[in-house]
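Subject: Structure for your review

Dear colleague,

Please find below the structure that I am handing over to you. My notes on what was found in it follow directly after.

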Amino acid sequence: MSFTLHGSGVGGGIAIGQVHLISSARLEVAHYAVAPEQLELEVMRFSTAVDKVRAELQGLRRNVPASAPAELGAFLSLHLMILDDATLSQAPRDLIRSLRCNAEWALVQQMDYLVAQFDKIEDPYLRERKADVVQVVERTLKAMQEQPGRASPAPAHEASLIVVAHDLSPADMMLFKQHQYAGFVTDLGGVTSHTAILARSLDIPAIVGAHTARQMVREGELVIVDGVHGVLIVDPDRMVLEQYKLRQRQIELGRQKLKRIRATPTTTRDGTAVDLHANIELPQDIEQVRESGATGVGLFRSEFLFLNRDDLPGEDEQFEAYRQVAQAMRGLPVTIRTLDLGADKALNGSARGGPNPAMGLRAIRLCLAEPQMFLTQLRAILRASHYGKIRLLIPMLAHAHEIEQALNMIAQAKQFLHEQNEPFDPGIEIGGMIEVPAAALSLGVFVRKLDFLSIGTNDLIQYTLAIDRTDDSVSHLYNPLHPAVLQLIANTIKTGSRMKVPVAVCGEMAGDVALTRLLLGFGLRQFSMHPANLLTIKQQVLKSDLGELAKLSARILRADDPEIARRLLEKLNA
Ligand code: PEP
Ligand code: MG
């Protein structure tokens, strides 16, 4: 019988195939007593499994392909850290001895204890990390089950299989990429979980948070994964199946066709040029940027160079990373955002910016509180500016004095390099992110003091609507079409244009094709997004006529109900 399950769609496209259930090892753990003289052997069995998982994770980390998303290495390091923490690698050994039980049982007891501790944490990001602990435990359990005498079945016809699991770790995701499964579905995982973030950047049709999928579907059953809408159709009838097959072919054809416009200049039908830039996290992302045909890097999230390591990258290491990107872009603009650490991006071992980290010591606030760290980065960026067209972008500015202080620090860094006879671009452009409502409502000082602005819609929405962007329980309220959000964006674009200060959008809205025309209608001429979205956005720009957009965009801006705005937006995109 056909039925449908709903979750959050996190990967592009549609996959059709047979279910391959990945059993949650945790649910299948037996409990038995171990004789006192066998206890040390049992401890050894546990140690062997931990060693095996460590070697597996290290191997995966060593072999992360250059094309893999930057986050993958970080996730693998996190899992290695969890594995080697005494609470996971030592405590079960003690439990085996004290409870005289089998290793699997001891490990699951310890996992349950740790999960209960995580549940008490108020911070949603940290609470979500309990999923990483569970994934590491499940991997270790699997390793124990695979010890001699326990075979793990290797699935055939992978390309037609849809993996359905209770939860999947990022490391599993990496294996799936190598294995070419058609898609995957998990019961757990919010849209901001590590697995979801990875799935989105890997572009695999996927659904997370499908709650009961693992229980409801059977091995070998035919399913459709609609990764766009987050819909899982189990045992579809013939008509539905044909419809989705057609849709799938259309999507694939569309993708192939899109590649043809890679080198086409991005102009609207009436001849207005539009800049499409790319967002990156690490220098190795630049290959994908070049393939996408982007005409610049609109956002280099430099803080990713600082994550998942125990030391801070020094000036020379940073300089090399920035220079590499600048040179690879061969004179095209590279916008390096200064450190946006804090909130969900904390340094190893540091506190997470107070009780409400998104509103705490984050981004420019943290940099001004840590001048040596900031100056080191500024010198590295300035030195790299000699090797290409680098622009500096300051995140999370809200106050005039923050702009002043940041500019003073940049002047100080320039002075230092000048005295050292180090070459740098003296005319380097300095921009500010508009991602706090206070900034969008006091643009005068921003346009007077800065060379360009970039709207960070992810945070602008978070702070305007008072929604923690990492908290899945309020994600339904995260609406880019809220009139307050649209007013702030449109006004920033208009003010920039009036004052001749270029304005870009570099948040997720820039890569959402449903919003391209609206932003063009507001006057936006610079978009920066994940490279995977770039050609879709380019196609939309090429098909758009600015003259036809003005009226409806203005109406959408006047709408005081997001639902009305949404209906008008459909008309705009028709
Ligand atoms: C934003 O806030 O929109 C943005 C681009 O920055 P980040 O997503 O890194 O906070
Ligand atoms: Mg931001």
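In what follows, a donor is an N, O or S atom within 2.8 Å of the metal; water is not among the atoms, so a site may look incomplete. Please also bear in mind that this is a predicted model.

With that cut-off, the protein donors of the magnesium ion (ligand 2) are Glu 435, through OE, and Asp 459, through OD. Glu 435 sits in the loop between strand E13 (429-434) and helix H17 (437-440), whereas Asp 459 belongs to helix H19 (residues 457-465), so the pair ties together parts that are 24 residues apart in sequence. Both Glu 435 and Asp 459 are buried.

As for the protein overall, there are 24 helices and 16 strands. Of its 574 residues, 53% are buried. Among contacts between residues at least 6 apart in sequence, 70% join residues at least 24 apart.

I turn next to the sheet. Eight strands form an open sheet with mixed pairing, in the order E1-E8-E7-E3-E4-E5-E6-E2. Strand E1 (3-6) and strand E2 (8-11) are the edge strands, each pairing on one side only. From one strand to the next, the twist averages 30 degrees.

Strands of a sheet pair through backbone hydrogen bonds, either parallel or antiparallel. Several pairings in this sheet can be followed residue by residue:

- E1 and E8 run antiparallel and are joined by four bridges; His 6 has Val 231 in E8 as its bridge partner.
- E7 and E8 also pair in the antiparallel sense, over four bridges, and Val 223 has Val 234 in E8 as its bridge partner.
- Strand E3 (residues 14-22) and strand E7 (residues 222-226) are antiparallel over five bridges, with Gly 17 opposite Val 223 in E7.

The hairpin of E7 and E8 has four residues between the strands, and Gly 230 there takes a positive phi near 70 degrees.

In a regular strand the side chains alternate between the two faces of the sheet. In strand E8 (231-234), both faces are covered: Val 231 and Ile 233 on one side, and Leu 232 and Val 234 on the other, are all buried. Helix H11 (residues 238-258) lies across E3, E7 and E8 and runs at about 110 degrees to E3.

Finally, two helix contacts share helix H7. Two packed helices are described by the angle between their axes and the distance between the axes.

Helix H2 (residues 71-84) packs on helix H7 (residues 130-145) at about 70 degrees, with the axes 10 Å apart. H2 is therefore roughly perpendicular to H7. H2 contributes Leu 78, His 79, Ile 82 and Leu 83 to the contact, and H7 contributes Asp 132, Val 133, Gln 135, Val 136 and Thr 140. By class, five of these residues are nonpolar, three polar and one charged.

Helix H5 (residues 103-119) packs on H7 at about 175 degrees, with the axes 10 Å apart. H5 and H7 are therefore roughly antiparallel to each other. Among the residues in contact are Leu 107, Met 111 and Phe 118 of H5, and Val 137, Leu 141 and Met 144 of H7. This contact has twelve nonpolar, one polar and three charged residues.

Yours sincerely

Definitions and conventions. Residues numbered from 1 in each chain as written. Chains lettered and ligands numbered in written order. Predicted model: local features only at pLDDT ≥ 70, side-chain atom pairs only at ≥ 80, totals over all residues. Heavy atoms only, no water. Axes fitted to C-alpha atoms, helices over the stretch in contact; angles between N-to-C directions. Parallel < 35°, antiparallel > 145°, perpendicular 65-115°, else oblique. Contact = heavy atoms within 4.5 Å. Nonpolar A, V, L, I, M, F, W, Y, C, P; charged D, E, K, R; others polar. Donors = N, O, S within 2.8 Å, 3.2 Å for Na, K, Ca; no water. Buried < 20%, exposed > 50% of the residue type's maximum accessible area, 1.4 Å probe, protein only. Pairing = 2+ DSSP bridges.
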